[in-house]
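Hello,

Here is the structure I promised to pass on. Please open it and keep it beside this email while you read.

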Amino acid sequence: MRKTLIAALVVAPVLAHAGPAEDTVAARQGFYKLLGANMGILAAMAKGERDYEGAAAETAANNIVLLTTYNLGHLYMPGTSSAEIKGSRAKPAIWNEFTEAQKKADALFEAANKLTEVAGFDKADMVDALEAVGGACKSCHDNYRED
């Protein structure tokens, strides 16, 4: 307990210096970690690293759709690109091409909805639909995310 208290006291000043931009980047990264966690479940099933379980696949697919309905606008506050905030992976281009980025987000939403139609019923169909979701993710990463 004492070590935990000491660690908290050491970390607290660092956290206190985080401002709105850093908080926004952390929230944005948290959102994408949730998306990635659900993609990871399906990817593990697709690769045979995990047994295909229809119920778990359906839940992960439904979670992805739910996440794609979230309005991300506030997570892309100006001043939070990789050029401005250490640890941000959002390329500055996204702020100049927001309409194009939105089209990519719409494609992800459409692919995710198709995934929910098959994820819980058939592994092969789930794998095909998951590839479309992954392709939608990649199209955005290629243009708007640092490596």
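Axes are lines fitted to C-alpha atoms, for helices over the stretch in contact, and angles run from 0 to 180 degrees between N-to-C directions. Helices are DSSP runs (H or I, at least four residues), numbered from the N terminus. This is a predicted model: local features need pLDDT of at least 70, side-chain atom pairs count only at pLDDT 80 or more, and totals for chains, interfaces and linings use all residues. Residues are numbered from 1 along each chain as its sequence is written, and side-chain values use heavy atoms, leaving out hydrogens and water.

First, α2 and α6. Their axes lie 10 Å apart, at an angle of about 130°. The two helices are therefore oblique to each other (the class left after under 35 degrees, roughly parallel; over 145, roughly antiparallel; and 65 to 115, roughly perpendicular). In this contact (heavy atoms within 4.5 Å), α2 gives Met39, Leu42, Ala43, Met45 and Ala46. From α6 come Lys123, Met126, Val127, Leu130, Val133 and Gly134.

Next, α5 and α6. Their axes come within 8 Å and cross at roughly 165°. α5 and α6 are therefore roughly antiparallel.

Now the core. The largest nonpolar core has 31 residues (a set of buried Ala, Val, Leu, Ile, Met, Phe, Trp, Tyr and Cys residues joined through side-chain atoms within 4.5 Å; buried means under 20% relative accessible area, with a 1.4 Å probe and protein chains only). α6 gives the largest share, eight residues. Leu115 is among those with the most contacts inside this core. Leu115 touches Leu42, Ala61, Ile64, Met126, Ala129, Leu130 and Val133, not counting residues up to four places away in sequence.

Best wishes

Definitions and conventions:
Buried < 20%, exposed > 50% of the residue type's maximum accessible area, 1.4 Å probe, protein only.
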